[in-house]
Amino acid sequence: MLLYSVEQMLRVHASVLSLYDVKRLQGPKANGSDITWEDLNLQVGAKLKALAATGKEVVLLNSNFCESNHIKNSCQILLQLSKC
């Protein structure tokens with residue numbers, strides 16, 4: 001009996017390979033320049049708050065949404081927006 005499906009094994013294999021891709025971004029960028037994670041958080045937070053103030057719907061798209069850290073972070077962002 002297989003513990004994992006072929007699809008699950010392929011997904012894990014692909015995600016591990018992507019960790020070693022030298023062309024992968026090594027950190028955050030804004031307008032083509034390197035920035036710190038703190039600066040990125042401040043810029044994104046300011047944009048999200050500005051959007052929330054307009055009453056427009058905010059949608060978070062994430063390719064790895066099934067990971068628990070992504071769910072936790074997304075929920076924290078949504079909770080912050082609801083307090084605006």
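Leaving aside neighbours within four places in sequence, with which residues is Arg24 in contact? Arg24 is in contact with Ser18 and Leu19, where contact means heavy atoms within 4.5 Å. The model is predicted: local features need pLDDT of at least 70, side-chain atom pairs count only at pLDDT 80 or more, and totals for chains, interfaces and linings use all residues. Residues are numbered from 1 along each chain as its sequence is written, and side-chain values use heavy atoms, with hydrogens and water left out.

**Overall layout**

- The protein chain has 3 helices and 2 strands; these are DSSP runs numbered from the N terminus, with helices (H or I) of at least four residues and strands (E) of at least two.
- Along the sequence, the elements of the protein chain follow the pattern α-β-β-α-α.
- The protein chain has 84 residues, of which 7% count as buried; buried means under 20% relative accessible area, exposed means over 50%, and partly exposed lies in between (1.4 Å probe, protein chains only).
- The protein chain has an accessible surface of about 7800 Å², and carbon and sulfur atoms account for 60% of that surface. Such areas come from the Shrake-Rupley method with a 1.4 Å probe, and for residues only the protein chains shown count as cover.

**Confidence**

- The protein chain has a mean pLDDT of 76, and 77% of its residues reach 70 or more; pLDDT is the predictor's confidence in each residue, from 0 to 100.
- Among the elements, β2 has the highest mean pLDDT (92), whereas helix α3 (residues 68-82) has the lowest (68).

- Leu19 belongs to helix α1 (residues 6-19) and counts as exposed because its relative accessibility is 53%.
- Together with Val12, Val16 and Tyr20, Leu19 forms a nonpolar patch on the surface, with about 440 Å² of accessible area in total. Patches are made of residues with over 30% relative accessible area and no salt bridge; like charges are joined within 9 Å, and nonpolar side chains (Val, Leu, Ile, Met, Phe, Trp, Tyr) within 5 Å.
- Arg24, a contact of Leu19, lies in the loop between α1 and β1 and is partly exposed, at 41% relative accessibility.

**The strands and the salt bridge**

- A search of the whole structure finds 1 salt bridge, defined as a side-chain nitrogen of Lys or Arg within 4 Å of a carboxyl oxygen of Asp or Glu.
- This salt bridge joins Lys29 and Asp34, whose closest N and O atoms are 2.7 Å apart.
- Side chains of opposite charge can pair when their charged atoms come close.
- Lys29 is partly exposed, with a relative accessible area of 43%, whereas Asp34 is exposed, at 62%.
- Asn31 is located in the loop between β1 (29-30) and β2 (33-34), and has a positive phi of about 55° although it is not a glycine.
- Asn31 counts as exposed because its relative accessibility is 84%.

**Helix α2**

- Helix α2 has 18 residues and reaches 26 Å from its first C-alpha to its last, close to the 26 Å expected at 1.5 Å a residue; the expected span is 1.5 Å times one less than the number of residues.
- Glu38 is found in helix α2 (residues 37-54) and is exposed, with a relative accessible area of 59%.
- Glu38 and Pro28 are 10 residues apart along the chain, and their C-alpha atoms are separated by 9.7 Å.
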